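Look over the sequence and the 3D structure below.

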Amino acid sequence: MSPKDVVSAFYNSDLAKDDHAMDLVHKDCHLNWNSSKGFTTLDYNGIKSMLNGLKKAYLSFNYRLSHLLEDGNMVTARYTIYVTPIESPELEQVPLAHFISIWEVKDNKLYRCYEISQLADDSSESLDSYGEIKL
């Protein structure tokens, strides 16, 4: 698989339902995340714990990619996360947050990530700028 294929496989999974997403994560992975709540760094176990928490909070957790760019073993993704909260199963998926992530792929797995996010602006103009790409 190319680095872009590895990143694409991860973002094409529904993390609330997928039990194999961690198969794409390198055991020495580090995620460096700047969000509206501050800076967080997660290792493999931290990512695994976060994904387990998602399964408890959401019925669905999907990515809608607008950009996926590959340069060697580095892949940049721009996307919006859409969720269905477990306490509101009657809702359609709602936008949760916008992200840009830069992934380094090593041994066909997600190895290093530098990520920035902000809560979703659910205006149609904002969401349209994250128009979904077809992979």
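## Terms and model

A residue is buried if its relative accessible area is under 20%, exposed if over 50%, and partly exposed in between (1.4 Å probe, protein chains only). This is a predicted model: local features need pLDDT of at least 70, side-chain atom pairs count only at pLDDT 80 or more, and totals for chains, interfaces and linings use all residues. Residues are numbered from 1 along each chain as its sequence is written, and side-chain values use heavy atoms, leaving out hydrogens and water.

Helices (H or I, at least four residues) and strands (E, at least two) are DSSP runs, numbered from the N terminus.

N108 is partly exposed, at 42% relative accessible area. N108 sits in the loop between β5 and β6. Its phi is positive, near 60°. D107 is in the loop between β5 and β6 too. D107 is exposed, with 58% relative accessibility, and has a positive phi of about 55°. Most residues other than glycine have a negative phi.

Strands β3 and β4 run antiparallel and are joined by twelve bridges. Two strands pair if DSSP finds at least two bridges between them. N62 stands opposite Y82 in β4. The hairpin of β3 and β4 has two residues between the strands, and G72 takes a positive phi near 65° there.

## The nonpolar core

A nonpolar core is a set of buried Ala, Val, Leu, Ile, Met, Phe, Trp, Tyr and Cys residues joined through side-chain atoms within 4.5 Å. The largest one here has 34 residues, and Y11 and F61 touch the most other members. Elements that each supply at least two residues of this core include α1 (3-11), β1 (25-35) and α2 (44-57).

What does Y11 contact, leaving aside its neighbours within four places in sequence? Its partners (heavy atoms within 4.5 Å) are Y63, L65, A77, Y79, S101, W103 and E115.

## Helix α2

The 14 residues of α2 should span 20 Å at 1.5 Å a residue, and the end C-alpha atoms are 20 Å apart, which agrees. The expected span is 1.5 Å times one less than the number of residues.

Which residues of α2 are buried? They are Y44, G46, I47, L51 and L54. Seen down the axis of α2, they fall within an arc of 165°, so they line one face of the helix. The arc is that of the directions from the helix axis to the C-beta atoms. The face turned away from this buried side carries the exposed residues N45 and K56. The cover over the buried residues of α2 includes β1, β2 (38-43) and β3.
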